[in-house]
Amino acid sequence: MKVLVIGGAGYIGSHVVKALIKSGHEVTVFDNLSSGLRENLFDDAGFIEGNILNSEQLDAAFASASFDAAVHLAAFKGAGESMFKPEKYSVNNITGTINILNSMCAAGVKKLVFSSSAAVFGEPEYLPIDEDHPKNPENYYGFTKLEIERFLAWYDRLKGLKFAALRYFNAAGYDIDGELCGLEQNPANLLPVIMEAAAGMREKLQIFGDDYDTPDGTGVRDYVHVTDLADGHVKALDYISREGESLVVNLGSENGISVLELLEDARKISGSKIPAEITGRRPGDPAKLVASSAKAKELLGWEAKYSDCETLVRTSWDVYKRQVKL
Ligand code: WQD
């Protein structure tokens, strides 16, 4: 299929582009390079520099080839930042997505794979979290993703758009083949922060609370390897093409890993001391989030293969160790 990957120069997007190419799809990336990186682009994928807030650029991109489908990963993802800059998230995440949907409709492109998030659920009422779990986002970012899922359902009903909304849990790790090495700038997520501390790019890790009701007191999350996530996009695209039906599905490893477990593995694998200090809890952090991915397994035949703690850390360290100054 000919696929336009919007946000394809980003951290997850670049891994998705790689997986699509590997599966025989013909890919063009549309990205404004605001957080995406030129080094994440592939020689055998086309590239259009453009902004999802510019409908003319989107229309031109969709008119540039007869695309069969789009994958949309162009969004701001700072859950904390979204609470004090909601305008930024309304405009980029919501308006930008509506622009994409309208350009797709105008161009007659009827298949979309969309990056949703576990942030749509908010504080868990039970574990593991399945797709039917109540949706009460705790941050504005999660609200934007939930609203977009609702827009998608309406565009399906009114325009026949078939979509797959993929609710990622905590994306982590780097390309299993070591081919993609673009570092995110100013990361705030746990594993890249640990890696920066290991590589001497930051002084230390702050551990946000060790008094949670978890086995070691630190937060437990469901980390899912970015190569596994990428594979989920390919399978989701296959599904909507094959079944002609839309889909909302969790992508998680179903395995909980604590902050201290990840830190310990990172110390072992990097051989670095990784200074860390316990600080107070970060507001809005649940103690534990773990996915049920039974639906993804049943409908997509998808399962996390690389999302064990050791592989997550090893693939990340392979990239970050190049930053160590000798
Ligand atoms: C993980 C754990 C922290 C940093 C966020 C978004 C969510 C989703 C994934 C996109 C928690 C602890 C972290 C640090 C720490 N994004 N931590 N020190 O908050 O689970 O989820 O990313 O869809 O929407 O909210 O991820 O990596 O920030 O935190 O102790 O410097 O690590 O308290 O327990 P989070 P995270």
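I looked up the largest cavity, and about 40 Å³ of space lies in it, where a cavity is a set of points on a 1 Å grid over the protein atoms alone at which a 1.4 Å probe fits but cannot get out, and the volume is the space filled by probe spheres set on the points. My search of the whole structure found 1 cavity of 30 Å³ or more. Its lining (residues with an atom within 4 Å of a point) includes His72, Asn93, Phe114 and Lys145, and by class the lining has 5 nonpolar, 4 polar and 1 charged residues.

I noted that this is a predicted model, in which local features need pLDDT of at least 70, side-chain atom pairs count only at pLDDT 80 or more, and totals for chains, interfaces and linings use all residues. Residues are numbered from 1 along each chain as its sequence is written, and side-chain values use heavy atoms, with hydrogens and water left out.

Next I turned to the ligand, which 19 residues surround, each having a heavy atom within 4 Å of it. The closest are Ser117, Leu190, Gln206, Arg221 and Asp285.

I then checked polar contacts, meaning pairs of N or O atoms within 3.5 Å. A side-chain N or O atom of aspartate 285 is 2.5 Å from an oxygen atom of the ligand, while a polar backbone atom of phenylalanine 208 is 2.9 Å from a ligand oxygen atom.

Notes:
A polar contact is a pair of N or O atoms within 3.5 Å; within protein, one must be able to donate a hydrogen and the other to accept it, and residues adjacent in sequence count only if both atoms are side-chain atoms. On a 1 Å grid over the protein atoms alone, a cavity is a set of points where a 1.4 Å probe fits but cannot get out, and a pocket is an open set with protein on both sides within 12 Å along at least five of seven lines; lining residues have an atom within 4 Å of a point. Ala, Val, Leu, Ile, Met, Phe, Trp, Tyr, Cys and Pro count as nonpolar, Asp, Glu, Lys and Arg as charged, and the others, Gly among them, as polar.
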